[in-house]
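Please walk through this model with me, from its domains down to one residue and back out to the partner chain.

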Amino acid sequence: MRHLVCVGIIAGLTLSGTSILACPIKPASTHTIVTGKSHTLAFETTPTPVEVGKTFSVSLKICDENGKAFSGTIKTSATMPRHKHGMNYLPSVEALGDGKFNLDGFLFHMPGHWQFVFDLRDTDKPDRITIKHLLQQ
Amino acid sequence: MKYLTGIFFAALLAFLALPTDGQAEDFSVAERATILSLGPWPPPVIRDLSNRASGNAEAIALGKILFFDRRLSKEDQTSCADCHKPELAFTDGMALNEGYKKITRHTPTVINLRGRTWFGWGGEADNLWAQSIRPLLSRSEMAGSPSRVRRVITTDPSLSCRFKAAFGEDPATLGKYDVLVLVAKALAAWQETLITDKSAFDHFRDALVTGDTRAMNAYPIAAKRGLKIFAGEGRCTFCHLGPDFSNGEFGNIGVPFFIAKGKVDPGRYGGIKILKKSRYNLLGKFNDDKSGKTKVRTRHVLQQHRNWGEFKVPSLRNVALTAPYMHNGSVTTLADVVEFYSDLNEERLHTDGEKILRPLGLSDQGKADLLTFLQTLSAPLSATPMPSSEPSDCTVTKN
């Protein structure tokens, strides 16, 4: 019986390890990691840093709370909360598989405090993740 | 002693009450950073990927000739240069001009257009060659047509020769739309070369970078005070930013947009609609950019309700030379523009528009200083580095 419990624990760890490896988000200087209610997201802009009035894209890697790659849909925008307006552009979202997404068509037309908004939808657990961004001149 | 102390304190108070003398050290760290971001000038020479004529000496020479050629208009009446007059900084000096019909928007300058992304007060064009087509075909302006443009090019041996030299194609073998677009690309190639030299402000900004005190001191003190307002409390650089003094986008500052009884100028809202329908936009077949880089803005631009009443944020380079002002030419002088912002009518602003706009409430001296600063943004056209090769000799001699 004791032997079986050990096997069970080892099997659980292995499975757990497998599922984490299925969606790894490792800390790196190139991206920012943010956790929402039920998802963790690695975020990176191209180019970095973002420049006022220049288009840029965003790369995302998203994992859910069970360590699985996010396979739902994303709606995105960015706003200047103090100015009460958003961008003049609607970025497009391209799913690349394994929880990776490329979002193209961002443009911040003013310096100041911006906020990225990512609305994640999969099955029954919507999640909104926001990231603050101070854009210098 | 008491008398002397009194004099001392009176002198001290008088000193403290003096307005800032506008020295470089009066700028905060943030203001200095903002000032530095308004340069360097001139901008680097970067070819327009969407235009195969960009930077091409033959096309530039052709574009220059065509800019002054009235035959491109209906009844040979008007050339581009009749509204964009070189002697008036390529403007017409009028509030609203009149071609074949009354024009409802003010004629902007065509100087310093290289590298811009939106053209027209409503951003109806996403590239300079498409913007060059617009007045050619507009029934209110030159009232020309693709057929007319093709006829002018193919029947004039000199123009035909230059066209072949620029594009390697005989215009007689091309359709009217292809000739029209290539003519517009030549016009754009020439306009790209109209870049101003360094202004007094640019020399000051460069001196800040290098720490050249003598050059810094050569910049008028009143202009420095005006610059401090511009880059600081005036918050002008939220929109008028970068070396071009514009974010290249659109804003609603409360200028009325009624053009006739019951008619409004939809501004950016209508501009996006026209852009999306245009066969000459960057998503169309006439874009020469194979990389797709130039398509990103047009593909993603979003029409929103707040775009009503928004108009292009103009560059402020040479602003003192391009009166009158605003999309409808309704503000006569640059001093009036300063007054406009000082007393900004917040009730006229869009309910879902920019929330940081507020009256500047400038003193008389503040207004004068801001005006002086804006006047230091003027400079003549520079000797733009032209392509190394000389254009072909297409002079036609008559026997």
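The C-alpha centres of domain 1 and domain 2 of chain B lie 29 Å apart. The model is predicted: local features need pLDDT of at least 70, side-chain atom pairs count only at pLDDT 80 or more, and totals for chains, interfaces and linings use all residues. Residues are numbered from 1 along each chain as its sequence is written, while chains are lettered from A and ligands numbered from 1 in the order in which they are written.

Start with the domains of chain B. Domain 1 covers 21–42 + 197–258 + 316–375, and domain 2 covers 44–195 + 268–307. These bounds come from an automatic or database domain assignment. Across the boundary, 17 residues of domain 1 of chain B are in contact with 20 residues of domain 2 of chain B. Contact means that the C-beta atoms of two residues, placed from the backbone, lie within 7 Å. The domain 1 side of this boundary holds five nonpolar, nine polar and three charged residues. Here Ala, Val, Leu, Ile, Met, Phe, Trp, Tyr, Cys and Pro count as nonpolar, Asp, Glu, Lys and Arg as charged, and the others, Gly among them, as polar.

Now take chain B as a whole. Its secondary structure comes to 15 helices and four strands. These are DSSP runs numbered from the N terminus: helices are H or I with at least four residues, strands are E with at least two. Of the 399 residues of chain B, 43% count as buried. Buried means 20 or more other C-beta atoms within 10 Å of the residue's own, with C-beta atoms placed from the backbone. Among contacts in chain B with a separation of 6 or more, 74% join residues 24 or more positions apart.

What lies inside? In soluble globular proteins, nonpolar side chains tend to be buried together. A nonpolar core is a set of buried Ala, Val, Leu, Ile, Met, Phe, Trp, Tyr and Cys residues joined through C-beta atoms within 7 Å. The largest one has 81 residues, and Val149(B), Val183(B), Ala184(B), Ala186(B) and Leu187(B) touch the most other members. Helix 8 (residues 176–191) of chain B gives the most to this core, with eleven residues. Both domain 1 and domain 2 of chain B supply at least three residues each. A second, separate core of 27 residues includes Ile229(B), Cys236(B), Leu316(B) and Leu370(B).

Next, zoom in on helix 5 (residues 128–137) of chain B, the place of Ile133(B). Eight of the ten residues of this helix are buried. Their cover includes helix 4 (80–83), helix 6 (146–155) and helix 8 of chain B. Why does Ile133(B) count as buried? Because 26 other C-beta atoms lie within 10 Å. Beyond neighbours within four places in sequence, Ile133(B) is in contact with Leu180(B), Ala184(B) and Tyr280(B).

Finally, turn to chain A.

pLDDT is the predictor's confidence in each residue, from 0 to 100. Chain A averages 85, and 84% of the residues score at least 70. Among its elements, strand 7 has the highest mean pLDDT (98) and helix 1 (residues 2–22) the lowest (41).

Conventions:
Buried ≥ 20, exposed ≤ 12 C-beta atoms within 10 Å, placed from the backbone.
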